[in-house]
There are 2 protein chains.
Amino acid sequence: MITPVHEAARDTVDVGAAAGVYPVFVGPDLLEHLPVVLSTYAPTRRVAVISDDEVGPIHGASVATTLADSGHDVTVLTFPAGEASKTRTSWSILTDGMLEAGLGRDCVVVAVGGGVTTDLAGFVAATYLRGVPIVHVPTSTLAMIDASVGGKTGVDVHAGKNLVGAFHAPRAVVADTTVLATLERARRAEGLVEAVKHGAIRDEAHFGLVVERAESLIAAEPMACAEVVAASVRLKAEVVAQDEFEEGVRQILNFGHTIGHAIEAAADYRIGHGRAVACGMIAEARLGEGLGVTEAGTAACLIEALAPLTVRGEVDLDPTKARDFLGADKKSRDGQARYVLLRRIGEVARDDGWTHEIDDEAAHAALEAVVRGW
Amino acid sequence: MITPVHEAARDTVDVGAAAGVYPVFVGPDLLEHLPVVLSTYAPTRRVAVISDDEVGPIHGASVATTLADSGHDVTVLTFPAGEASKTRTSWSILTDGMLEAGLGRDCVVVAVGGGVTTDLAGFVAATYLRGVPIVHVPTSTLAMIDASVGGKTGVDVHAGKNLVGAFHAPRAVVADTTVLATLERARRAEGLVEAVKHGAIRDEAHFGLVVERAESLIAAEPMACAEVVAASVRLKAEVVAQDEFEEGVRQILNFGHTIGHAIEAAADYRIGHGRAVACGMIAEARLGEGLGVTEAGTAACLIEALAPLTVRGEVDLDPTKARDFLGADKKSRDGQARYVLLRRIGEVARDDGWTHEIDDEAAHAALEAVVRGW
């Protein structure tokens, strides 16, 4: 089906999911097309727009106005910005807000924001009346490239990040790259860490493209952003379509995340996800090199690609906590954390499945080394 | 695949679900076969047994012992018995208990108990690390006939019953009808209300069977229970297989539940689910008769079938609250509650879809009449 938004979008990536294929529209100036996206992919009158209190007043409000102008009955819900809000408490409050507004199963959630918003609103939609549709409007590089695609939703708990959640594929994703200009420069850059990851695990050329375009991307040049976001989403979509529920190949998307999540949690989420994953990828590449699984020089290549995107200095965290969080990782099997390792840039190394068991001491040492700076 | 438990079970009903067909084993003396069920349908070493503090010391403990004896690593989790525990708080506590035990994605939840337990543990399993397998071991008539089959999970919130939850099909259900002997007589009888409902919406002969066998069922005669439970599960399974996510025909299973849930919530869950649904079915049959949609005499047939199963006297509740809860129903469309109406015993009446819009005043009047006793 060709709609005006298909024509307006620089690129449309279709993502295969059990509940049906959904489109990710990527390009400049797409927000105005939201009413068409809704009427095509989630036709209903009643809409809950969820965003945080930083994005809400800017893009949340404009989305709400656009939708109200096109005849939707819009309920606006906001929560305090930041990873600290990605909790069961925020989830409860947003859910109760929707119930108070009397929204039934015939509503749709529109999530407007970064990865915290798409994850949190996604979990609200997944569990509201046992599931209502959601459309994602990612406003950060990270959310466009990663969080809004693939249907993972969830919240953090004391024991770690994303440990409670659900798979809930969106009906559509609208990634308007013009919006990235309103993002802080540092956050824009950090979001590209996930694009580097997509290249590192699947496609050396994409890895090269991100390195090459880094400057225009960080400057929020909308067409350059659209090109890289679309290519990155396409790589992720290929993986997700093969294994939506992460029983096999999808695990490779967790490259850098076993150690990355432990770092993020041990730093009490005071550092960004991108920075944590950058550390995680470098540490896991070094682990792989140490085992002879990963080609020598891979960690150095990663460092070169990641250096323009995030802070390289020492991370302030509690190393004992980091060790504990490593054990609580979702990828654990029989209580033992598992790691995705690269063969080289563009390819992961398979072992017994897609993940490797690594000696705890080696993993702790790699984590402790990388957080001292790289 | 024929396993020893297939041979031991009086009946096996296969339920179709998106995630794969799962078996419901029904018959006396099946609990001892749980290790085989697990190794066949959810092969893993690590098990979380979830039950309430009434069922836990009896059946929960025996299940845990059986599983530990067969080499499983068992974590036992309990919560206070009763509908008041079916909350987001209990869900959080159980989730945190599993995290503390270090259970990874390679674990399985075994829910041992009534409908509250299968719903609550089901929601824990649905959201733990974005979903781990569950095997249901229902110990009440209600849970065997209804709650453990069909994949609905959820918790109650202030605004109403089951308003937060997920669809999460079990890997297998083991309905050991011998266990029913340990259930209070009144609860055993009340659970049969859902069997009456299955007959009322789909199968007049089944309706007749429940009426005819009522006495042996209430006396917990294991083979009579197995016969009726299996037949009832089969009726439900036919509906669920056609429409797992309740977008169409599955809505007929909500017959009696729009008003029933409102009564239950307005009575602060001090009355049983069966009693509330009995009231709901009678009220909704009367509404249908009043509209000329339901055959005259249907409500009287229901009353005759339900009278031996539950209390007929006045329900102590707040009528204003009941009205509010009617509006918050999940089946609402554009804020308007919707009702399943019978054509006659054994058949529902179709309208625009499977549900009917009914004037609020008529619905309130029917609710208020039935709670005065029937």
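## A right-handed crossing in chain B

Let's start with a pair of helices: in chain B, H12(B) and H15(B) cross in a right-handed way. Please keep in mind, here and throughout, that this is a predicted model. Helix H12 of chain B covers residues 273–291 and helix H15 of chain B covers residues 360–370; their axes come within 9 Å and cross at roughly 135 degrees. H12(B) and H15(B) are therefore oblique to each other.

To find this contact in the structure, look on H12(B) for B:Cys279, B:Ile282, B:Ala283, B:Arg286, B:Leu287 and B:Gly290. Their partners on H15(B) are B:Ala362, B:Ala363, B:Ala366, B:Leu367 and B:Val370. Sorted by class, the residues where H12(B) meets H15(B) are nine nonpolar, one polar and one charged.

## Another right-handed pair in chain B

Helix H4 (residues 88–100) and helix H5 (residues 115–127) of chain B also make a pair worth a visit: their axes come within 10 Å and cross at roughly 55 degrees. That angle makes H4(B) oblique to H5(B). The crossing of H4(B) with H5(B) is right-handed.

H4(B) brings B:Ser90, B:Trp91, B:Leu94 and B:Thr95 to this contact, while H5(B) brings B:Leu120, B:Phe123 and B:Val124. In the contact of H4(B) with H5(B), five residues are nonpolar, two are polar and none is charged.

Now over to chain A, where H12(A) meets helix H13, residues 298–306. The axes of H12(A) and H13(A) come within 8 Å and cross at roughly 165 degrees. At that angle, H12(A) is roughly antiparallel to H13(A). The crossing of these two helices, H12(A) and H13(A), is left-handed.

On the H12(A) side you will find A:Ala278, A:Met281, A:Ile282, A:Ala285, A:Arg286 and A:Glu289. On the H13(A) side, the contact residues are A:Thr298, A:Ala299, A:Leu302, A:Ile303 and A:Leu306. The contact of H12(A) with H13(A) holds eight nonpolar residues, one polar residue and two charged residues.

## How the two chains sit together

Step back to see both chains.

Where the chains meet, 33 residues of chain A are in contact with 33 residues of chain B. Four elements of chain A each supply at least two residues of the side that touches chain B: helix H4 (88–100), helix H5 (115–127), strand S7 (152–157) and strand S8 (160–167). By class, that side of chain A has twelve nonpolar, eleven polar and ten charged residues.

A:Asp96 belongs to helix H4 of chain A. It counts as partly exposed because it has 17 C-beta neighbours inside 10 Å. A:Asp96 and A:Val210 are 114 residues apart in sequence, and their C-alpha atoms are 42 Å apart in space.

A:Thr141 is part of helix H6 (residues 141–147) of chain A. With 32 other C-beta atoms within 10 Å, A:Thr141 is buried. Leaving aside residues up to four places away in sequence, A:Thr141 touches A:Leu180, A:Arg188, A:Gly191 and A:Leu192. A:Thr141 and A:Ile218 are 77 residues apart along the chain, with their C-alpha atoms separated by 9.8 Å.

## Positive phi in two loops of chain A

A:Ala220 is not a glycine, yet it has a positive phi of about 65 degrees. Look for A:Ala220 in the loop between helix H9 (204–218) and helix H10 (222–242) of chain A. A:Ala220 counts as partly exposed, with 19 C-beta neighbours inside 10 Å.

A:Tyr269 is not a glycine either, and its phi is positive at about 60 degrees. The loop that holds A:Tyr269 runs between helix H11 (257–266) and helix H12 (273–291) of chain A. Having 17 C-beta neighbours inside 10 Å, A:Tyr269 counts as partly exposed.

How values were computed. Residues are numbered from 1 along each chain as its sequence is written. Chains are lettered from A and ligands numbered from 1 in the order in which they are written. This is a predicted model: local features need pLDDT of at least 70, side-chain atom pairs count only at pLDDT 80 or more; totals for chains, interfaces and linings use all residues. A residue is buried if 20 or more other C-beta atoms lie within 10 Å of its own, exposed if 12 or fewer, and partly exposed in between; C-beta atoms are placed from the backbone. Axes are lines fitted to C-alpha atoms, for helices over the stretch in contact, and angles run from 0 to 180 degrees between N-to-C directions. Angles under 35 degrees count as roughly parallel, over 145 as roughly antiparallel, 65 to 115 as roughly perpendicular and the rest as oblique. A crossing is left-handed if the near helix is turned anticlockwise from the far one by less than a right angle, and right-handed if clockwise. Two residues are in contact if their C-beta atoms, placed from the backbone, lie within 7 Å. Ala, Val, Leu, Ile, Met, Phe, Trp, Tyr, Cys and Pro count as nonpolar, Asp, Glu, Lys and Arg as charged, and the others, Gly among them, as polar.
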